[in-house]
Amino acid sequence: MGEGVVSMDRQGTVTFANPEALRIMGWRDWKLSDDESEEAPEVLGFKASIESVTQSALTAETESGEVVRVNETAFKHQEGHSIPVSYVSSPIFEGSEFSGTVTLFQDITLRKEMEKTLVRSETMSALGGMVAGVAGVAGVAGVAGVAGVAGVAGVAHEVNTPIGVSVTSASYLESQTKGLMQIVADNKLSRSALDNYLDLCKESTAIILSNLQRAEQMIKSFKQIAADQASEQKSRFNLKAYIDDVIRTLRPELKKNQLHIEIVCPDDIELESYPGALSQVITNLIMNSLVHGFSQNGAGNLRFEVMDEDKIVRIIYRDDGKGIAQEHLEDVFAPFFTTRRGKGSSGLGLHISHNLIYTVLKGTISVSSKLNEGVQFVLNIPKSPE
Ligand SMILES: Nc1ncnc2c1ncn2[C@@H]1O[C@H](COP(=O)(O)OP(=O)(O)O)[C@@H](O)[C@H]1O
Ligand SMILES: [Mg+2]
């Protein structure tokens, strides 16, 4: 069972919902109807059911920027009945400005049933600690939700406005330029016509630039959750060649930050798995070292070591940067956990990596770290997941 993802703007209007969210809520679609001014009734239903989420996220944001976690509550299904859910809701920022919320939620019907069975069980006392255990496992399941976390559709919808504005400005600029060319061709160019044109040029390029930058920013912040895992095909690939390829795309960034990367991997490991998921995990690990591990221009070392363990491969990733504080170690895989809130970090990178490893690659990941000595992530990945 997967994780629903819904994003809302600061007015509480739904701007995106993934297929899993639609399934849990029983909606046909989340999109605005054609005239864009009216919302589909399904969306209204959702808004009502998570109004409190938005409200608390909004309040929490203005007060402290905190993430809201609710372990057990109910959302209203499209057909009227209520669905037990747990959710985590976080503010999103565009630059330093609060722009809305993202909510990740899970249908916890199964978990509740398990808890009930346990409570009823006569061996309840014998099982003692297991209730806590189940709750703990459910917590982990929250991290390991399946299905595509968000789709390209969400990004497309979000960037629609700035791209649209840019296109309009660029076409206006184009037509005015043609007009000016005609004036020049007719030898009728006056000082004031030229001044007018230059003003217009300056204004439209500023509009185009700022809107394209906004679109770029949005794509960046959604890129992480746009892991469309469902669409990915299983394929056969050489692990070393693939890791080399992924790292090649990151080299300019590493070089700029004076980070040295070493890859130790046997040449002959072949995987029959999902390279896209793996590349996202590797990218997240490296980007985290870059962002969190080292101060700007502080040199450092990153290292991938791969071991062939028959049916699985073990990948050990290390950096020798600032490390993770002991009290944060168990939170790093939780959705929205970040130590750089409001500075462009979403806290979704390791959550998504964890998801991909457990549900797509069918492997495991663990972390260890000492403050000021760096981090170590150990990944165990089957060569061929079922
Ligand atoms: N290589 C690293 N060095 C130091 N801290 C790290 C490293 N990788 C992850 N972290 C910590 O784990 C947190 C969660 O990481 P992640 O889920 O990728 O979210 P984000 O990068 O958006 O903050 C980071 O905010 C940071 O505190
Ligand atoms: Mg990250």
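This is a predicted model: local features need pLDDT of at least 70, side-chain atom pairs count only at pLDDT 80 or more; totals for chains, interfaces and linings use all residues.

**A buried lysine, charged pairs and a ligand site**

Lys-383 has a relative accessibility of 19%, so Lys-383 counts as buried, because the cut-off for buried is under 20%. A polar atom of the Lys-383 side chain lies 2.7 Å from the backbone oxygen of Asp-310.

Salt bridges are the next topic. Side chains of opposite charge can pair when their charged atoms come close. The count in this model is 12 salt bridges. One of the pairs is Arg-303 with Glu-262, whose side chains meet at 3.1 Å, N to O. This pair links distant parts of the chain: Arg-303 sits in strand S9 (residues 300-309) and Glu-262 in strand S7 (residues 259-264), 41 residues apart. Arg-303 is partly exposed, at 25% relative accessibility, and Glu-262 is partly exposed too, at 35%. Arg-303 also forms a salt bridge with Glu-305, with 3.1 Å from N to O. Elsewhere, salt bridges with shared partners join Arg-236, Glu-270 and Glu-272 into one network.

Helix H7 holds another pair. Glu-174 and Lys-178 form a salt bridge of 4.0 Å, N to O. These two residues are 4 residues apart in helix H7, which is about one turn of the helix. Are they buried or exposed? Glu-174 has a relative accessibility of 47%, so it counts as partly exposed. Lys-178 reaches 53%, so Lys-178 counts as exposed, because exposed begins over 50%.

Helix H7, residues 152-185, also contains Ile-163. Ile-163 is partly exposed, with a relative accessible area of 35%. Together with Val-167 and Leu-212, Ile-163 forms a nonpolar patch on the surface, and the three share about 240 Å² of accessible area. Because a patch residue must have over 30% relative accessible area, the 35% of Ile-163 is enough on that point.

The last stop is ligand 1. Of the 17 residues around ligand 1, those that come nearest are His-292, Thr-338, Thr-339, Gly-347 and Leu-350. The shell divides into 5 nonpolar, 11 polar and 1 charged residues. Helix H10 (275-293) and helix H11 (349-360) each supply at least two residues of this shell, and H10 gives the most, with 4 residues.

Several polar contacts reach oxygen atoms of the ligand. An N or O atom in the side chain of Thr-338 is 2.5 Å from an oxygen atom of ligand 1. Asn-288 places a polar side-chain atom 2.9 Å from an oxygen atom of ligand 1. Gly-349 takes part through its backbone, with a polar atom there lying 3.5 Å from an oxygen atom of ligand 1. How much of ligand 1 does the protein bury? Taken alone, ligand 1 exposes 540 Å², and the protein buries 95% of that area.

Note on methods:
Residues are numbered from 1 along each chain as its sequence is written. Chains are lettered from A and ligands numbered from 1 in the order in which they are written. Side-chain values use heavy atoms; hydrogens and water are left out. Patches are made of residues with over 30% relative accessible area and no salt bridge: like charges are joined within 9 Å, nonpolar side chains (Val, Leu, Ile, Met, Phe, Trp, Tyr) within 5 Å. Accessible areas come from the Shrake-Rupley method with a 1.4 Å probe; for residues, only the protein chains shown count as cover. Buried means under 20% relative accessible area, exposed over 50%, partly exposed in between (1.4 Å probe, protein chains only). A residue is near a molecule or strand if one of its heavy atoms lies within 4 Å of it. A polar contact is a pair of N or O atoms within 3.5 Å; within protein, one must be able to donate a hydrogen and the other to accept it, and residues adjacent in sequence count only if both atoms are side-chain atoms. Ala, Val, Leu, Ile, Met, Phe, Trp, Tyr, Cys and Pro count as nonpolar, Asp, Glu, Lys and Arg as charged, and the others, Gly among them, as polar.
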